Amino acid sequence: VPVVFAHPIEAEFARILDFYRVRWEYEPKTFPLEWGPDGLVKLCFTPDFYLPDQDLFVELTTLNPRLMHRKNRKVRKLRDLYPAVRVKLFALRDVRALMLKYGAVPAVEAQPESAA
Amino acid sequence: MSPGSAEGLGEVVLTSRQIRARVRQLGRAISRDYAGQELRLVSVLKGGVIFLADLARAVTVPVTLDFLSVAGYGPGAHSSAVRLTKDLDESIVGRHVLIVEDVVDTGLTLGYIYEDLQRRRPASLKVCILFDRPHRRLVDIPIEYHGFELPDRFVVGYGLDWRDHYRHLPDLVALSPALLREAAGEIALPFG
């Protein structure tokens, strides 16, 4: 089944991984981060990619750095609650460096916080 | 801005003197670890060549040199998967091999090379890198010898390039913000 990516950067990232023969899964797992008094999950986090051979989750974001606090908070919480889980956040600078390095040309713009 | 022009360059991040001193330290460490053995230094074209040339002269154990080249990902890639475009000239079966690389960030290329060489049954296989960006690592590779951890900036010189320019610079130099802005515009990613 073809994967439907939420963002063109994710599709490009998947193509790069395929090129280098690195196995990946797209959004395979959601981690609950906060629960309400009723025990229902209030906040959760679904990293974009899982690289099974590296046992590594990767989250890509093209958020403007000024809008990163919510994303950073989620990653921090995930690391606190699930210390055995390895997760790497590729912020805008990292995504840009990756795209510059590999010469990729996805037509994307910085995202508002709610969209990325 | 014309490719390779001096106006594309910003400040010096590491001087040639600092790089030379670190390369000498790496050479001493490698010479100590491989004392009494012969070592095959394998460099990845093109970026690793300048580091290899200096490192080989800083090592006191007998060394032989070999090179390989990899077709990386990009708009001009002629293949759907990573592949060697130039293989080693000599077999490494039973040899002590040290991969000499200029820079590692995601580890995607180095990971491919490491696995490929490991399958050729060398007596030992280790990695020496001069510049490292570990926070972008996607593929973990055992790295025995590190030179410098790089700041989160696009840098050129001492083998590192921008569209095949600036490799010859003796210092490690940041690209100018103007050039980066121009490049970021080309890939439609915001610069900030």
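1. What share of the contacts in chain B with a separation of 6 or more comes from residues 24 or more positions apart? The share is 66%, where a contact means heavy atoms within 4.5 Å.

2. A word on the basis: this is a predicted model, in which local features need pLDDT of at least 70 and side-chain atom pairs count only at pLDDT 80 or more, while totals for chains, interfaces and linings use all residues. Residues are numbered from 1 along each chain as its sequence is written, chains are lettered from A in the order in which they are written, and side-chain values use heavy atoms, leaving out hydrogens and water.

3. Chain B has four helices and nine strands, taken as DSSP runs (helices H or I, at least four residues; strands E, at least two) numbered from the N terminus. Of its 192 residues, 50% are buried; buried means under 20% relative accessible area, exposed over 50%, and partly exposed in between, with a 1.4 Å probe and protein chains only.

4. Across all chains there are 21 salt bridges, each a side-chain nitrogen of Lys or Arg within 4 Å of a carboxyl oxygen of Asp or Glu. One of them joins B:Arg95 to B:Glu38, with the closest N and O atoms 3.9 Å apart. These partners are 57 residues apart: B:Arg95 lies in the loop between β4 and β5, and B:Glu38 in the loop between α1 and β2.

5. Do also look at B:Asp164 and B:Arg167, whose salt bridge has its closest N and O atoms 2.9 Å apart. B:Asp164 is partly exposed at 39%, whereas B:Arg167 is buried at 18%.
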